[in-house]
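Please read the following note with the model open beside the text.

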Amino acid sequence: MNLHEYDVVVIGSGPGGFSAAVRAAQIGAKVAIIERLFIGGTCLNCGCIPTKFLWKSLKVKKEIQGSYRYGIKSILEPIVFENIINKKNKNITSIRSGMKIILSSYNINIFEGSAIFKNKNVLIISNNEKNEKFEIYADKIIIASGTKPLIKNGFTFDGVRIINSTDALNLKKIPKNMLIIGGGVVGIEMATIFSGFGCHVTLVERANFLLPNEDYEISEEISKNLSRQGIEVITACTNAFDDIGEYEKILIAIGRVPNDGLNLRDLGINITDSGFIKTNEFCQTNISNIYSVGDITGKNLLAYSAQHEGVVAAENIIKGNKFSISNFAIPQVIFAMPQSASVKVLDFEKYKNVIFGKFPFASSGRAFIENERTGFVKCGIDKLTKKPLAFWIIGAYSDEIINTASQILKSGMGHISRETMFHPSFSESLLNAYEDAFGKCVDVIKK
Ligand SMILES: Cc1cc2nc3c(=O)[nH]c(=O)nc-3n(C[C@H](O)[C@H](O)[C@H](O)COP(=O)(O)OP(=O)(O)OC[C@H]3O[C@@H](n4cnc5c(N)ncnc54)[C@H](O)[C@@H]3O)c2cc1C
């Protein structure tokens, strides 16, 4: 093999591409990964990590302001938002270095540049900054090229006034006011962060309520919490783009579209009308040596789904199609303040006889200690088998508790055992909500 021939080449280094490359190398393949921007993709550089870092900064601010509740006096100095952004960037850079170390520990070659297909085995890589252009041969290719923010026809992101989530995460100053168009997860997280740091935020959504795919009760609760925090929430708004005159910033968060430029149409890869790559349950495209994972396949648009698919694709592309993607239950988390999270078995709607239990955090000892008494856990249970089918949580640490909830669903157990739950904890509220459905929760008043 010469220098530019590989068993597996991965396009994109987000969670999908990174996990695919590492797993392929773990199996023993000679692997290269191509990245045109920054190692880590959307997740590390302009998605999961930066949003949660800024959310945590806001949380720290609130904790300082509330320290008197614990008998501790503290003074919050004026916040310089640029310092927070710099800290966020420093953390991202460290994580990125860690990822590069992992890749090199597996002898995975990193090519900095943009890939385009010449044919089903040859990729042309160009890097304008370095004035480089060369070809690499790959026996097998995994496309994990991700997505970019969607913009409405007639508008363009100028990065100054009309911005997307990536621009927002790099603002040096908190604007006086901001219109956020799109009441999905990204819009809500951005509204929480910017409003928390003093921006007057108006959040508009076209549907009749925020997060149209979420449980209505959770959506309502999130909406109430956002309003309490001073965010102006407007739903059923069909003309958001008609009047954007008065706002200092207009953040458009109406969805994502595939990253393009790979020459997929000429190659003959099947794509949807919107440009997402079509794959089968093994993550394989219609061209047998090319697989695709993550956001570019337009399925879940979540980092952990991308990561799962990356591993599955790497196994299948090398060993033959042995593993299929089996999404049993996919947790969803929203970092408003407090966070909310939900998970349900994928065929939840098929169950006709579902009973519900609910446990408010106002009755949780741990929530009392943490001064986080807002919210509740709701549990949906199959009346016949007593198996839990779904959990909806709004409240502190719900992003962590939901992993336990997912495992409970996945295990298919017919009950949740008290003796396995630490007290005082937030996660024991899963048990309380479950028992409430049968009138057996000992931590709430008799109904
Ligand atoms: C604001 C925001 C917050 C989010 N928060 C969360 C969260 O908390 N949890 C969660 O699970 N998900 C979150 N997501 C979604 C998550 O970031 C994505 O689902 C995930 O990054 C998808 O991974 P991926 O590997 O498919 O693609 P990406 O992470 O988008 O990576 C694709 C990579 O491919 C590169 N690339 C594209 N084309 C080429 C080419 N031709 N040549 C070379 N390189 C190329 C891109 O530069 C990019 O680095 C968030 C997204 C956003 C926007």
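In which sense do S18 and strand S19 pair, and over how many bridges?

1. S18 and strand S19 (residues 388–394) pair in the antiparallel sense over 6 bridges. Strands (E, at least two residues) and helices (H or I, at least four) are DSSP runs, numbered from the N terminus, and two strands count as paired if DSSP finds at least two bridges between them. Val377 stands opposite Ile393 in S19. The hairpin of S18 and S19 has 5 residues between the strands, and Lys386 takes a positive phi near 65 degrees there.

2. Strand S17 (residues 354–360) is also joined to S18, by 7 bridges, and these two strands run antiparallel. Here Gly357 has Cys379 of S18 as its bridge partner. Strand S18 (residues 376–382) is largely enclosed by the rest of the structure, because 6 of its 7 residues are buried. A residue is buried if 20 or more other C-beta atoms, placed from the backbone, lie within 10 Å of its own; it is exposed if there are 12 or fewer, and partly exposed in between.

3. Residues are numbered from 1 along each chain as its sequence is written. This is a predicted model, in which local features need pLDDT of at least 70 and side-chain atom pairs count only at pLDDT 80 or more, while totals for chains, interfaces and linings use all residues.

4. The protein chain has 12 helices and 19 strands. Of its 447 residues, 45% are buried. The C-alpha atoms fill a box of roughly 75 × 55 × 45 Å, taken along the principal axes.

5. Helix H1 (15–27) has 13 residues. Its span from first C-alpha to last is 18 Å, close to the 18 Å expected at 1.5 Å a residue, where the expected span is 1.5 Å times one less than the number of residues. Because 11 of the 13 residues of H1 are buried, the helix is largely enclosed by the rest of the structure. Among these buried residues are Phe18, Val22 and Arg23. H1 is followed by Gly28, which has a positive phi near 120 degrees.

6. The ligand is surrounded by 36 residues, and the closest are Gly12, Gly14, Gly41, Gly146 and Gly294.

Definitions and conventions:
A residue is near a molecule or strand if its C-beta atom, placed from the backbone, lies within 6 Å of it.
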